[in-house]
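Colleague: Could you walk me through one part of this model in detail? I would like to hear about the aromatic rings and what surrounds them.

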Amino acid sequence: MTSPQQPEPSEQPEPSAVQGFAEGYAAKAGLHRTHDGRIDVLKSAGGIQGIAESIVPGMVFLIAFTISRDLTPSLVAALASAAVFTVVRLVQRRPLTQALAGVVGVGISAWLANTTGKAEDFYLPGFFTNTAYILAMVISIAIKWPVAGLLFGIIRTEGLDWRKDPARLKAYRLGTWIIVAVLVLRLVVQVPLYLMGADGLAALATTRLIMGAPLYILGVWIAWLVTRPVPAAADARTSDQPSKPSSSDA
């Protein structure tokens with residue numbers, strides 16, 4: 001008796017775990033879309049309050065240190081400003097994730113600067129975080145799971161179907177490279193200022209503010225525009241163009 005013929009292995013569907021990861025990642029990244037399906041860049045950056053939470057502690061530290069030239073009270077002032085935002089969110093009954101992450105980040109920066117005694121080391125952890133994001137995004141491009149696709153695909157309700165379309169995959173890889181370029185630009189500009197020590201502190205802090213949320217918003221917006229799918233109507237017009245009659249039709 002012959003054994004029953006085994007069915008041909010079919011292409012496995014995209015694992016639901018990856019779909020869930022993409023949705024969760026998009027939510028944690030804070031990406032939002034408008035009522036007409038476009039990305040809400042300002043809201044995705046945390047809104048006015050979220051942007052303030054990201055820039056005020058560093059600004060307070062710079063101002064306090066410039067005035068006092070004393071590291072300890074400057075670090076305490078930065079930590080206090082970050083803690084204020086947490087209290088504000090508690091009063092507003094809003095999620096504390098972003099504010100708490102800010103407090104932890106400022107706390108690590110303050111601890112490092114206080115340990116080394118160098119004010120510029122307050123900004124050092126940001127370089128490591130930035131580098132980690134660059135590596136993660138480059139890897140995502142290499143394995144054909146570009147981060148821009150995971151984020152924007154959810155907002156555009158494409159799910160993970162974009163991975164089956166070479167043109168969409170290419171677009172999302174390009175979009176991810178744009179975000180990588182923004183992160184690399186930060187390092188190119190800021191690391192030399194950090195290496196200048198105290199002489200470059202003011203410039204480092206200033207560029208950190210400018211190249212933080214504002215540059216992030218610009219980079220995400222450009223990546224969103226670059227990865228826009230071709231309108232279906234345009235495809236239809238292209239496919240509906242009448243072909244030229246051949247000589248046999250005459």
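Modeller: Happy to. Let me begin with a cut-off: a charge sits over a ring if NZ of Lys or CZ of Arg is within 6 Å of the ring centre and within 35 degrees of the ring normal. By that rule, Arg208 has its charged end over the ring of Phe127, at 5.7 Å from the ring centre. Arg163 does likewise with Trp145, its charged end lying 3.7 Å from the centre of that ring. Please keep in mind that this is a predicted model.

Now to the rings that pair with one another. There are seven aromatic pairs in the count. One of them joins Phe61 and Phe65, which are stacked, with 6.0 Å between centres and 15° between planes. Both residues belong to helix H3 (residues 47-68), where they are four residues apart, about one turn of the helix. Phe61 has a relative accessibility of 1%, and because buried means under 20%, it counts as buried. Phe65 is buried too, at 11%.

Phe61 also pairs with Tyr123, this time edge-to-face, with 6.1 Å from centre to centre and 70° between the planes. Here the pair links distant parts of the chain: Phe61 is in helix H3, while Tyr123 is in the loop between helix H5 (97-116) and helix H6 (124-142), 62 residues apart. Tyr123 is buried as well, with a relative accessibility of 4%. Taken together, ring pairs join Phe61, Phe65, Phe122 and Tyr123 into a cluster.

A neighbour from another helix is worth a look. Ser74 lies in helix H4 (residues 71-92), and its relative accessible area is 0%, so it is buried. Leaving aside residues up to four places away in sequence, Ser74 touches Phe61, Ala64, Phe65 and Ser68.

In one, the side chains of Arg168 and Glu158 come together at 3.1 Å, N to O. Arg168 is in helix H8 (residues 166-195) and Glu158 in the loop between helix H7 (147-155) and H8, so the pair ties together parts 10 residues apart in sequence. Both Arg168 and Glu158 are buried. The other salt bridge brings together the side chains of Asp161 and Lys164, at 4.0 Å, N to O. Asp161 is exposed, with a relative accessible area of 51%, and Lys164 is exposed at 56%.

Technical notes:
Residues numbered from 1 in each chain as written. Predicted model: local features only at pLDDT ≥ 70, side-chain atom pairs only at ≥ 80, totals over all residues. Heavy atoms only, no water. Helix = DSSP H or I, 4+ residues; strand = E, 2+ residues; numbered from the N terminus. Buried < 20%, exposed > 50% of the residue type's maximum accessible area, 1.4 Å probe, protein only. Contact = heavy atoms within 4.5 Å. Phe/Tyr/Trp six-rings, centres within 6.5 Å; stacked < 30°, edge-to-face > 60°.
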